[in-house]
Amino acid sequence: MKIGVLIRTFNRPELLVQSLASLSLQTVDDWEVIIFDDMGSQENFNIYSQFKKSNPTKRIVYVTSMEARDFYKHFWRCSSSLSKSDVLVKLDDDDLLSRDCLEFLLSVYENHPEIDFTYGSTFRFKDDKLVGQEECKTPHDHPPTPHAWAGYLAGPTIS
């Protein structure tokens with residue numbers, strides 16, 4: 001089973017570098033990444049190019065938009081057409097993956113083939129102190145309402 005990581009970024013190259021670094025440290029080796037760069041910058045393109053060069057066996061895709069925050073709602077919908085993975089993980093550029101995050105997610109889907117979608121497991125820090133967390137959920141735990149997912153389901157697709 002292959003896992004794809006979708007990273008949306010906008011004008012924060014220092015955070016993109018950190019997010020990609022957390023991906024490169026994963027205990028799972030079979031991953032791809034698609035970087036969605038709102039209003040693509042030369043600096044972000046350079047980061048992508050260096051990351052791709054450092055990971056020559058990985059599928060690493062870079063997509064840009066012409067408008068600021070164009071991918072904010074639409075990148076999730078486009079990603080299924082662009083990805084070659086069985087499982088997709090959504091990150092923003094300020095998100096970091098724990099070292100075994102992808103391994104854990106793959107095990108959830110391999111051990112529970114009836115699950116189509118999961119969400120959650122977020123830890124928030126302030127001044128290096130844990131200030132909150134939410135646990136991983138499945139649609140069986142909390143069925144989503146049309147309003148909760150509308151932002152991810154509206155917009156253009158790529159064919």
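The legends below accompany several close-up views of a predicted model.

**View 1. The protein chain as a whole, with its five helices and six strands.** Followed from the N terminus, the elements of the protein chain come in the order β-α-β-α-β-α-β-α-β-β-α. The protein chain has 159 residues, and buried residues make up 36% of them. Among the contacts in the protein chain with a separation of 6 or more, 70% are made by residues 24 or more positions apart. The accessible surface of the protein chain is about 9,800 Å², and carbon and sulfur atoms account for 52% of that area.

**View 2. The largest nonpolar core, which has 26 residues.** Ile3, Leu20, Leu23, Val33 and Leu102 are the residues with the most contacts inside this core. At least two residues of the core are supplied by each of strand S1 (3-9), helix H1 (13-24), strand S2 (31-37), H2, S3, strand S4 (87-92) and helix H4 (101-111), and the largest share, six residues, comes from H4. Leaving aside residues up to four places away in sequence, Leu20 touches Ile7, Val33, Ile35, Ile47 and Phe51.

**View 3. A second, separate core, made up of eight residues.**

**View 4. The cluster of Phe45, Tyr48 and Tyr62, linked by ring pairs.** A search of the whole structure finds four aromatic pairs. One of them joins Phe45 and Tyr48, whose ring centres are 5.5 Å apart and whose planes stand at 50°, so this pair is tilted. Both Phe45 and Tyr48 belong to helix H2 (residues 42-54), where they are three residues apart, about one turn of the helix. Phe45 is partly exposed, with a relative accessible area of 36%, whereas Tyr48, at 12% relative accessibility, counts as buried. Phe45 also forms an aromatic pair with Tyr62, and this pair is edge-to-face, with 5.4 Å from centre to centre and 70° between the planes. Because Phe45 lies in helix H2 and Tyr62 in strand S3 (residues 59-64), the pair ties together parts that are 17 residues apart in sequence. Tyr62 is itself buried, with a relative accessible area of 16%.

**View 5. The charged end of Lys58 over the ring of Trp31.** In this close-up, the charged end of Lys58 sits 4.9 Å from the centre of the Trp31 ring.

**View 6. The cysteines Cys78 and Cys101, both buried in the model.** Cys78 counts as buried at 4% relative accessibility, and Cys101 is likewise buried, with a relative accessible area of 19%. A disulfide is a covalent bond between the sulfur atoms of two cysteines. With a disulfide taken as a pair of cysteine sulfur atoms within 2.5 Å, the count of disulfides comes to zero.

How values were computed
Residues numbered from 1 in each chain as written. Predicted model: local features only at pLDDT ≥ 70, side-chain atom pairs only at ≥ 80, totals over all residues. Heavy atoms only, no water. Helix = DSSP H or I, 4+ residues; strand = E, 2+ residues; numbered from the N terminus. Buried < 20%, exposed > 50% of the residue type's maximum accessible area, 1.4 Å probe, protein only. Contact = heavy atoms within 4.5 Å. Areas by Shrake-Rupley, 256 points an atom, 1.4 Å probe, with all protein chains shown as cover. Phe/Tyr/Trp six-rings, centres within 6.5 Å; stacked < 30°, edge-to-face > 60°. Lys NZ or Arg CZ within 6 Å of the ring centre and 35° of its normal. Core = buried A, V, L, I, M, F, W, Y, C linked by side-chain atoms within 4.5 Å.
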